[in-house]
Amino acid sequence: MDSEEGKRGIATPVVESDSEVEHEHYEKNVSRQMSESSLYTTEDEEEDDTNNKIELGPQFTLKETFEKDKDDESLRRWKEQLLGSVDINSVGESLDPDVKILSLEIKSPGRPPIVLPIPEDGKPQSPWFTLKEGSKYSLKFSFEVLNNIVTGLKYTNTVWKTGMKVDSSKQMIGAFSPQSEPYTHEMPEDTTPSGMFARGSYSARTKFLDDDNKCYLEINYTFDIKKEWLAT
(Lines give C-alpha, C1' and ligand atoms only; values in the text may rest on other atoms or scores of the structure.)
Protein backbone atom coordinates (compact mmCIF):
# COMPACT_ATOMS: atom_id res chain seq x y z
CA MET A 1 0.00 0.00 0.00
CA ASP A 2 1.27 3.45 -0.85
CA SER A 3 2.16 5.06 2.47
CA GLU A 4 0.97 8.54 1.47
CA GLU A 5 -2.43 7.24 0.40
CA GLY A 6 -2.70 5.25 3.62
CA LYS A 7 -2.02 8.37 5.66
CA ARG A 8 -4.78 10.27 3.88
CA GLY A 9 -7.22 7.47 4.63
CA ILE A 10 -8.12 6.81 0.99
CA ALA A 11 -9.49 3.32 0.43
CA THR A 12 -6.50 1.92 -1.43
CA PRO A 13 -6.73 -1.88 -1.24
CA VAL A 14 -3.64 -4.00 -0.70
CA VAL A 15 -4.77 -5.97 -3.76
CA GLU A 16 -6.42 -4.72 -6.92
CA SER A 17 -10.19 -4.39 -6.60
CA ASP A 18 -12.86 -4.66 -9.26
CA SER A 19 -14.00 -1.12 -10.00
CA GLU A 20 -17.10 -2.24 -11.85
CA VAL A 21 -20.42 -2.71 -10.09
CA GLU A 22 -22.38 -5.77 -11.14
CA HIS A 23 -26.08 -5.01 -11.63
CA GLU A 24 -29.02 -7.29 -12.24
CA HIS A 25 -32.29 -5.60 -13.20
CA TYR A 26 -35.25 -7.88 -12.74
CA GLU A 27 -38.22 -5.69 -13.56
CA LYS A 28 -38.50 -2.47 -15.60
CA ASN A 29 -42.17 -1.81 -14.90
CA VAL A 30 -43.03 -1.78 -11.23
CA SER A 31 -46.26 -0.67 -9.69
CA ARG A 32 -46.50 2.52 -7.66
CA GLN A 33 -48.03 1.01 -4.53
CA MET A 34 -45.83 -0.79 -2.04
CA SER A 35 -47.14 -4.01 -0.53
CA GLU A 36 -46.49 -5.06 3.04
CA SER A 37 -44.55 -8.09 1.82
CA SER A 38 -41.93 -5.85 0.22
CA LEU A 39 -40.90 -4.59 3.66
CA TYR A 40 -39.51 -8.00 4.58
CA THR A 41 -37.12 -10.43 2.98
CA THR A 42 -36.73 -14.18 3.24
CA GLU A 43 -33.79 -16.56 3.39
CA ASP A 44 -34.21 -17.76 -0.21
CA GLU A 45 -33.62 -14.20 -1.40
CA GLU A 46 -30.02 -14.27 -0.17
CA GLU A 47 -27.24 -14.28 -2.75
CA ASP A 48 -25.49 -17.51 -3.70
CA ASP A 49 -22.25 -16.26 -2.12
CA THR A 50 -22.87 -18.25 1.07
CA ASN A 51 -23.00 -21.49 -0.92
CA ASN A 52 -19.92 -20.54 -2.93
CA LYS A 53 -17.64 -19.92 0.03
CA ILE A 54 -13.99 -20.43 -0.84
CA GLU A 55 -11.98 -22.60 1.52
CA LEU A 56 -8.81 -20.64 2.29
CA GLY A 57 -5.54 -21.87 3.75
CA PRO A 58 -4.57 -21.56 7.41
CA GLN A 59 -4.86 -18.13 8.97
CA PHE A 60 -1.96 -16.31 10.59
CA THR A 61 -1.82 -13.32 12.87
CA LEU A 62 -0.18 -10.19 11.47
CA LYS A 63 2.87 -10.81 13.64
CA GLU A 64 3.18 -14.38 12.34
CA THR A 65 2.73 -13.16 8.77
CA PHE A 66 5.39 -10.50 9.20
CA GLU A 67 7.92 -12.86 10.81
CA LYS A 68 7.48 -15.80 8.42
CA ASP A 69 10.38 -16.16 5.94
CA LYS A 70 11.94 -12.97 7.29
CA ASP A 71 15.31 -13.88 5.74
CA ASP A 72 13.79 -13.53 2.26
CA GLU A 73 14.57 -9.91 1.34
CA SER A 74 12.07 -9.60 -1.54
CA LEU A 75 9.31 -11.18 0.53
CA ARG A 76 10.12 -8.85 3.44
CA ARG A 77 9.80 -5.77 1.18
CA TRP A 78 6.49 -7.08 -0.18
CA LYS A 79 5.15 -7.54 3.35
CA GLU A 80 6.22 -4.03 4.31
CA GLN A 81 4.34 -2.66 1.29
CA LEU A 82 1.34 -4.84 2.13
CA LEU A 83 1.16 -3.85 5.78
CA GLY A 84 2.14 -0.20 5.39
CA SER A 85 2.46 1.57 8.74
CA VAL A 86 0.72 -1.12 10.79
CA ASP A 87 1.83 -1.33 14.42
CA ILE A 88 2.45 -5.08 14.64
CA ASN A 89 2.72 -5.00 18.42
CA SER A 90 -0.76 -3.55 18.84
CA VAL A 91 -2.70 -5.77 16.41
CA GLY A 92 -0.50 -8.76 15.73
CA GLU A 93 -2.09 -11.34 18.04
CA SER A 94 -5.59 -11.59 16.53
CA LEU A 95 -6.56 -13.96 13.72
CA ASP A 96 -9.90 -12.42 12.84
CA PRO A 97 -10.14 -9.01 11.18
CA ASP A 98 -12.83 -6.57 12.14
CA VAL A 99 -14.35 -3.89 9.93
CA LYS A 100 -16.41 -1.04 11.33
CA ILE A 101 -18.47 1.10 8.95
CA LEU A 102 -18.15 4.60 10.40
CA SER A 103 -20.24 6.75 8.05
CA LEU A 104 -22.55 6.52 5.05
CA GLU A 105 -23.70 9.32 2.80
CA ILE A 106 -25.38 9.75 -0.58
CA LYS A 107 -23.85 12.32 -2.91
CA SER A 108 -25.68 13.96 -5.81
CA PRO A 109 -24.22 16.72 -8.04
CA GLY A 110 -25.21 20.22 -6.97
CA ARG A 111 -26.73 19.11 -3.66
CA PRO A 112 -25.44 18.70 -0.10
CA PRO A 113 -24.73 15.08 0.84
CA ILE A 114 -27.48 13.06 2.49
CA VAL A 115 -25.88 11.78 5.69
CA LEU A 116 -27.35 8.42 6.67
CA PRO A 117 -27.44 7.52 10.36
CA ILE A 118 -26.32 3.95 11.06
CA PRO A 119 -28.59 2.38 13.70
CA GLU A 120 -27.17 -0.31 15.98
CA ASP A 121 -29.99 -2.72 15.14
CA GLY A 122 -29.52 -2.26 11.38
CA LYS A 123 -33.10 -1.01 10.92
CA PRO A 124 -33.25 2.74 10.33
CA GLN A 125 -36.43 4.77 10.48
CA SER A 126 -38.56 4.54 7.33
CA PRO A 127 -37.96 5.94 4.83
CA TRP A 128 -34.20 6.11 5.37
CA PHE A 129 -33.82 8.61 2.53
CA THR A 130 -35.59 10.05 -0.52
CA LEU A 131 -34.14 10.45 -4.01
CA LYS A 132 -35.39 12.40 -7.00
CA GLU A 133 -36.29 10.37 -10.07
CA GLY A 134 -33.74 10.46 -12.89
CA SER A 135 -31.03 11.94 -10.65
CA LYS A 136 -27.36 10.96 -10.50
CA TYR A 137 -26.06 9.78 -7.14
CA SER A 138 -23.26 7.82 -5.51
CA LEU A 139 -22.72 6.20 -2.13
CA LYS A 140 -19.67 7.23 -0.09
CA PHE A 141 -18.63 5.52 3.10
CA SER A 142 -15.76 5.42 5.57
CA PHE A 143 -14.58 2.39 7.51
CA GLU A 144 -11.79 1.18 9.74
CA VAL A 145 -10.03 -2.17 9.75
CA LEU A 146 -8.86 -3.71 13.03
CA ASN A 147 -6.82 -6.72 14.20
CA ASN A 148 -5.82 -8.32 10.89
CA ILE A 149 -5.94 -7.95 7.11
CA VAL A 150 -9.46 -8.21 5.68
CA THR A 151 -9.62 -9.82 2.25
CA GLY A 152 -12.36 -9.72 -0.35
CA LEU A 153 -14.28 -6.89 1.29
CA LYS A 154 -17.41 -6.32 -0.77
CA TYR A 155 -20.61 -4.31 -0.83
CA THR A 156 -23.94 -5.84 -1.83
CA ASN A 157 -27.32 -4.16 -2.21
CA THR A 158 -30.65 -5.72 -3.15
CA VAL A 159 -33.83 -3.74 -3.81
CA TRP A 160 -37.49 -4.84 -3.84
CA LYS A 161 -40.70 -3.09 -4.88
CA THR A 162 -44.14 -4.55 -4.20
CA GLY A 163 -42.46 -7.79 -3.15
CA MET A 164 -40.48 -8.20 -6.39
CA LYS A 165 -36.71 -7.95 -6.63
CA VAL A 166 -36.01 -5.07 -9.02
CA ASP A 167 -32.26 -4.56 -8.64
CA SER A 168 -29.21 -6.28 -7.21
CA SER A 169 -25.69 -4.89 -7.19
CA LYS A 170 -22.34 -6.02 -5.86
CA GLN A 171 -18.93 -4.37 -5.82
CA MET A 172 -15.65 -5.91 -4.76
CA ILE A 173 -13.84 -3.26 -2.72
CA GLY A 174 -10.59 -5.11 -2.01
CA ALA A 175 -8.28 -6.19 0.81
CA PHE A 176 -7.12 -3.80 3.52
CA SER A 177 -4.68 -3.89 6.39
CA PRO A 178 -5.30 -2.26 9.78
CA GLN A 179 -4.24 1.36 10.08
CA SER A 180 -4.86 4.24 12.44
CA GLU A 181 -6.71 6.38 9.90
CA PRO A 182 -10.12 5.37 8.47
CA TYR A 183 -10.43 4.39 4.82
CA THR A 184 -12.93 6.10 2.52
CA HIS A 185 -14.52 4.65 -0.59
CA GLU A 186 -16.98 6.07 -3.10
CA MET A 187 -19.12 3.84 -5.29
CA PRO A 188 -19.43 4.53 -9.02
CA GLU A 189 -22.13 7.03 -9.93
CA ASP A 190 -25.55 5.64 -10.79
CA THR A 191 -28.89 7.12 -11.89
CA THR A 192 -32.27 6.60 -10.26
CA PRO A 193 -35.08 5.30 -12.50
CA SER A 194 -37.71 7.77 -13.67
CA GLY A 195 -41.35 7.74 -14.72
CA MET A 196 -44.68 7.02 -13.11
CA PHE A 197 -43.92 3.35 -12.47
CA ALA A 198 -40.53 4.09 -10.91
CA ARG A 199 -41.83 6.53 -8.32
CA GLY A 200 -42.88 5.17 -4.96
CA SER A 201 -41.45 3.25 -2.01
CA TYR A 202 -38.82 0.52 -2.06
CA SER A 203 -37.33 -1.85 0.47
CA ALA A 204 -33.67 -2.82 0.38
CA ARG A 205 -30.91 -4.70 2.12
CA THR A 206 -27.29 -3.56 2.16
CA LYS A 207 -24.41 -5.71 3.39
CA PHE A 208 -20.66 -5.36 3.84
CA LEU A 209 -18.98 -8.79 3.79
CA ASP A 210 -15.56 -10.37 3.31
CA ASP A 211 -14.49 -13.43 1.32
CA ASP A 212 -15.43 -15.67 4.25
CA ASN A 213 -18.94 -14.16 3.98
CA LYS A 214 -18.51 -12.67 7.42
CA CYS A 215 -20.98 -9.80 7.57
CA TYR A 216 -19.72 -6.61 9.22
CA LEU A 217 -22.86 -4.57 8.67
CA GLU A 218 -26.36 -5.42 7.45
CA ILE A 219 -28.99 -2.72 7.04
CA ASN A 220 -32.61 -3.40 6.12
CA TYR A 221 -34.38 -0.21 5.12
CA THR A 222 -36.90 1.54 2.94
CA PHE A 223 -36.48 4.55 0.67
CA ASP A 224 -38.61 6.65 -1.65
CA ILE A 225 -38.18 7.88 -5.20
CA LYS A 226 -40.21 11.06 -5.90
CA LYS A 227 -40.67 13.68 -8.60
CA GLU A 228 -38.56 16.20 -6.69
CA TRP A 229 -36.04 16.33 -3.90
CA LEU A 230 -37.38 16.92 -0.41
CA ALA A 231 -37.08 20.50 0.79
CA THR A 232 -33.94 21.09 2.83
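Which residue forms a salt bridge with Arg199? I looked this up first in the predicted model. The partner is Glu133, and the closest N and O atoms of the two residues are 3.0 Å apart.

**Entry: Glu133 and Arg199**

I then located both residues along the chain. Glu133 has a relative accessibility of 16% and counts as buried because the cut-off is under 20%. Arg199, with a relative accessible area of 16%, is likewise buried.

**Entry: Glu228 and Lys132**

I next examined Lys132, whose side chain meets that of Glu228 in a salt bridge with an N to O distance of 3.6 Å. This pair links distant parts of the chain, 96 residues apart: Lys132 belongs to strand β4 (residues 129–132), and Glu228 to the segment after β11 (215–226). Is Glu228 buried or exposed? I recorded Glu228 as exposed, at 51% relative accessibility. Lys132 is partly exposed, and its relative accessible area is 26%.

**Entry: Arg205 and Glu218**

I turned to strands β10 and β11. The side chains of Arg205 and Glu218 form a salt bridge, with 3.5 Å from N to O. Arg205 sits in strand β10 and Glu218 in strand β11, 13 residues apart, and the pair is noted as linking distant parts of the chain. For Arg205 I noted a relative accessible area of 9%, so this residue is buried under the 20% cut-off. Glu218 is partly exposed at 30%.

**Entry: Asn220**

I followed Glu218 to a further contact. The side chain of Asn220 makes a polar contact with the side chain of Glu218 at 3.2 Å. Asn220 lies in strand β11 and is partly exposed, with a relative accessible area of 25%. I also looked up the separation between Asn220 and Gly122. These two residues are 98 residues apart in sequence, whereas their C-alpha atoms are 6.2 Å apart in space.

**Entry: total**

How many salt bridges does the count give? I recorded six salt bridges. Among them are Glu133 with Arg199, Glu228 with Lys132, and Arg205 with Glu218.

Key:
Residues are numbered from 1 along each chain as its sequence is written. This is a predicted model: local features need pLDDT of at least 70, side-chain atom pairs count only at pLDDT 80 or more; totals for chains, interfaces and linings use all residues. Side-chain values use heavy atoms; hydrogens and water are left out. A salt bridge is a side-chain nitrogen of Lys or Arg within 4 Å of a carboxyl oxygen of Asp or Glu. Helices (H or I, at least four residues) and strands (E, at least two) are DSSP runs, numbered from the N terminus. Buried means under 20% relative accessible area, exposed over 50%, partly exposed in between (1.4 Å probe, protein chains only). A polar contact is a pair of N or O atoms within 3.5 Å; within protein, one must be able to donate a hydrogen and the other to accept it, and residues adjacent in sequence count only if both atoms are side-chain atoms.
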